[in-house]
Structures are given as structure tokens and as C-alpha cells.
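User: I am new to this structure and would like to understand how its parts are arranged. Please take me through it by question and answer.

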Amino acid sequence: MVGALSSPGLVLAAEDEESDAVLLQLAFERAGLGKNLVIVRDGQEAVDYLKRCVTHSKRGSDPLPCLLLLDLKMPRMTGFDVLVWLGDKPQFKDLPVVVLSSSSHESDIQRARELGARDYHIKPHGMGQFVQLIKDLTASSQTVLTAGKAG
Amino acid sequence: MDEVRDQVAQIRGFARTALMAETRRASQAKGIRTWAFVIVGLLNLSFLAWTSRRISHEISLREAAVLQTRRDKELLATTLASIGDAVIVTDAKGRITFLNAEAEKLTGWKGADARNQKLSEVFRPINEDTRQPVENPVDKVLRIGSVVGLANHTVLVSKNGAELPIDDSAAPIRQPDGSLFGVVLVFRDFSVQRQAQQVLERNKQELESLVGKRTAKLQEMVDELEHVSYAITHDMRAPLRAMSAFAGLVSERVAAVADKETLEHCRRIQIAASRLDKLIQDALQYTKSVLRELPLEAVDLSKLVPGLLETYPNLQSDKADIRIEGQLPVVMGNDALLTQCISNLLGNAVKFVAPGIRPQIRVRTETEGVMIRFWVEDNGIGIPQHAQVRLFKMFQRLTNDYEGTGIGLAIVRKCVERMGGKVGVESALGQGSRFWMELRLAEPRE
């Protein structure tokens, strides 16, 4: 669901592990969406970014992302913490959140869903799989992502 | 004259004869009478003798009886007096008629002084905690009419005010016609037992506290272990992912220029990383099945198994024919553990088939009393006899031809054991395998 102020292409991802961040960027590039991705280093940065989007909404300088990809284990604020923070913020209720984690624990999957995550995916090992995953996720969030279009 | 003389002589002869006969008869009669007298006399005498003998016999019997009664009485009295417990007997009005030596000792009253007193004067029980007088057991018996005992924490106050914990019972004494004759109260010094009880109670509490502490400590350790294993495995998977992914990227980049070997090396890096990742996951799974406190609950296999077949991609109908035969029962187990076990077994059944063969798997259960055997039968490559012993141990892989970590079956075994059952297999090389798990029925079928 795309909000009135959301950019028709921006994906915000919170990922603390450097190699995973590199792979994520690579996957987006291979999916033709390299310019649509903004990566932040932990949950706190993600929250700060989203706050800026709201305060600057009139300005239009920090557009709201149309998809949020969250890792779970991050310093400062974990993926769960971010989900909790988003939970009572009506301005983000239409923001789809997908958890991208290395944990396959049932309890984590369940908790993520309970806290409002739309989907939960285990980080794939192969680039081919990763690219396909990105394509599926961006298609299903009903965003119209045009290659090269900046946020 | 001679004739007359002859006749007179005849008559005198006759007379004499008659007289002699008479005399004889008379003396005979007299003799008989004498004998009669004698005989009657003798009879009388013997009758008297017999009677007197009977009488004295009766007398001696009665005397003996009286003696016996006196002896019995003495015996009872001695027995009563010798009873280790205190005995007080009252009449139907609650007045003391008897007090034995032990009762004298415990109440502080002498028998003579206590006689005819009301029981409550002599026998004064109070509640140890409230200090209030307790209902007299004799009054209670008189009221209810059956055996009663004192409540706990009762303490007897003796004549001089000393307090003694006692244990007692009182019973009605009934006449043969059922009417109440009196009450007999038996009680004893309970102080030794009371002390023993208190020591026991203290020990019990100490023990419970100790057990509680140890359990808490163990739980702490288990939590710690779990936390560590979770953290370690999670942190290990990240670099593995990187290794795998970047090896793949290198592979891509050099694909155009590199020789087959270089590409092969990259592939091996990826495979190894993937294997290690699976190993970590399985090891974590194994730890979970060992450490976790998992409650047993009723699990409906007729829902669980079809559910697995729907959701697990490797069990889908495009990959294998998996048939459930008959009605699967509800068992006592754990949903998570059973999901793990059955998916492992089914996954194996699908995986270990000869190349080109479509896996055909049959799932069924057999009831054996309160247990059931859950069978997973496949048409796979089978397991040689000698290998079957090691089958369920950790890290035992029987063949390198098929992917696997060697932990899957160890996990199944651990899980089933934790649910109170056993696992096993029937198999021979080239003849498929029939794995079984023994589980407890949730409700025993008749």
C-alpha cells in the first residue's frame, strides 16, 4: 500500500552486518533497483530516518520509503524494537515491513509476525536466490519501481 | 383216753409245728423287716452321702469360680495398672471411677483424690496456641456416643500447672443392653513424638529449600547454555553466508576467463559453507531437543502429518508419493518435537532413494496397548544390517552419496526419548527402510 507521501521506489533497509549489506546492495543492483535502496546500519538509524521523513514531509526532501527491510539482530535497536516503535505510529501503518534475518527460530518468526511484520525471510546464501527474493518482495509491496528513479 | 391223748398230742404237735412255723415266719418276717430296715437305712445313708457329696462339690465349684473371678479381677486390675498409657474411667455422668498409675503421674492427681471428681477437674486439656480449654473427650463421647480423639496441638495441664503434649482417645463403655455404662479415656505423653515430628518437619523444609535452589541453579545453567548455543550458531551463520555468497560472486566474475578447476574450487567453497550452515542448524536443533523443558500434551497426528505434507517443500507431491494409511491417533507428545521428528523421517525417506526412482512412502500406526508405533516405510536404498547400530548417533553419516549432516536421526531419537518412547528401524540394503517411533496414546484405545 503506497501512502500519499511515499516515494514510488524507495526501499529502506536496516542491516548491521557489513558483508550482508554488500550482498543486499548487489542483489538490488542485479534486480535493476540499485538506486532505490537506502541502507542504514541499525534500528536506531532506521527510526531516525523515518522520523525525518515525517518532519520533512512538507519539504519532500526525505521521502517515506515504500518498503522497510529489517534485520533482527542489530545493535542499539533490534528489528523487534523497530517493529514495536512502528506499532503505535499511525503515520507508518501502511508501511510494509519485511524481516530479513539469518535466524530460523520459530519463536523469532512468530514474534515478528505478532509485532506486525508482513513477511519473514531467511537471508539466502546464493546471489541468484537473493535477486529473486528482492524481485518478489518489491513486486508484492505493490510499488512501481522504475530502474534508475531516485527516491 | 389214749385216743384223746393221741389227738391232743397230735394237736399239740400241730400247734407246735404251727407255732414253730409261726415263729419261724415271725422271725423270718422280723428278719425281713430288719433287713428292710437295714436296707432302707443303708439307702438313706447312701443317698445322704451322695447328696452331701454333690453339695460339697457344688460348693467347691462355686468357691473355685469365686476364686477365679477374684483372680481375674486381680489380673485385670494388674493389667490395667500396668498399661503404659494413662487410663481414666468415668461413669455415665463423667465422674471418675478409676485412675491408673500412669494417669496419676500425668495428671498429678492421686487415685483416691480423683475418684468421684468430675473429669474436667482432673483432666484439663488446652489448645497449645490459643491457650483455650479444649472440649473434654469424655463430654464429647457422652454427647456423640462413639470413639473420639483429641484435636492436634492439645496440651494437658497437670495439677501443679505443668504442661504436657498428649495424644488420646476416649471410648464409650456399653452394657450388653446397649446403655452407656461409662467412658474409658486413654492418653499418653506425646512430647517425644512431638519433638520428632518437629525435627522431621524442619528437615523436610530444609530439603525442599535445597531442592528448590538446586533446580533454580540447573535451570539457570540450562538457560545459559541455550542462550550461548543460540548466540554462537547465529553469529557463525553470518560469515558462512558471506563465504558462500562471495564465492558464488567470484565464480561468476571469473566464469568467462577461468578454467574449470578454478570454478570447481569456488563451487566447493560454496558447498562446504552450505554444509557447515546446515550442521550448525542441526546441532542447534539437537541442543534444543536436549535442553528444552517441553511439556507433554495431546497432539493430533491426523492433523499434524497432513499439515507437514502441505507445507514442507521437499515433501510435496511433485517430489514424492506419500500415503497415509488408516486413522492417525492422538498421542502424548510435543507439537514442536513431533513436527521435527516426523519431518526428519519423511525427509530422509524422500531423500535416500536410488537415482531415477520416485519415492513411495507409506505412513501408518499400529496400536500396542497404551503405546502406538508410528511407521514411515520407504522404497529407498535401505540400510545395511551392520550400520543400523550407529544409525541414531550424532554425526554418523552412512554414505557420502547423499546430502546430510548425520544429526537428523540423532535428533529424532532424542526427541522421541523425551516424549517417553523409542525409535528403531527395519531395513536391509536395497530393500527400503521401515522406521518406527513408539509414542504414548493420549487416550488408551480399548
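User: Which residue of β5(A) stands opposite A:Ser101?

Analyst: This is a predicted model, in which local features need pLDDT of at least 70, side-chain atom pairs count only at pLDDT 80 or more, and totals for chains, interfaces and linings use all residues; side-chain values use heavy atoms, with hydrogens and water left out. Residues are numbered from 1 along each chain as its sequence is written, while chains are lettered from A and ligands numbered from 1 in the order in which they are written. Helices (H or I, at least four residues) and strands (E, at least two) are DSSP runs, numbered from the N terminus. The residue of β5(A) opposite A:Ser101 is A:Ile122.

User: How many bridges join β4(A) to β5(A)?

Analyst: Two strands pair if DSSP finds at least two bridges between them. Strand β4 (residues 97-101) of chain A and strand β5 (residues 119-122) of chain A run parallel, and the number of bridges joining them is four.

User: Which residue of β4(A) is the bridge partner of A:Leu69?

Analyst: Strand β3 (residues 67-70) of chain A pairs with β4(A) in the parallel sense over three bridges. The partner of A:Leu69 in β4(A) is A:Val98.

User: Which residues of β4(A) point the other way from A:Val97, A:Val99 and A:Ser101?

Analyst: In a regular strand the side chains alternate between the two faces of the sheet. Five of the five residues of β4(A) are buried, that is, under 20% relative accessible area, with exposed meaning over 50% and partly exposed in between (1.4 Å probe, protein chains only). Those that point the other way are A:Val98 and A:Leu100.

User: How are α6(B) and α7(B) oriented, roughly parallel or roughly antiparallel?

Analyst: For helix α6 (residues 191-254) and helix α7 (residues 260-291) of chain B, the axes come within 9 Å and cross at roughly 165°. Angles under 35 degrees count as roughly parallel, over 145 as roughly antiparallel, 65 to 115 as roughly perpendicular and the rest as oblique. The orientation of α6(B) to α7(B) is therefore roughly antiparallel.

User: What is the relative accessibility of B:Thr365?

Analyst: B:Thr365 lies in strand β11 (residues 360-368) of chain B. Beyond its neighbours within four places in sequence, its contacts (heavy atoms within 4.5 Å) include B:Gln327, B:Ile372 and B:Phe374. B:Thr365 counts as buried because its relative accessibility is 18%.

Terms used. Axes are lines fitted to C-alpha atoms, for helices over the stretch in contact, and angles run from 0 to 180 degrees between N-to-C directions.
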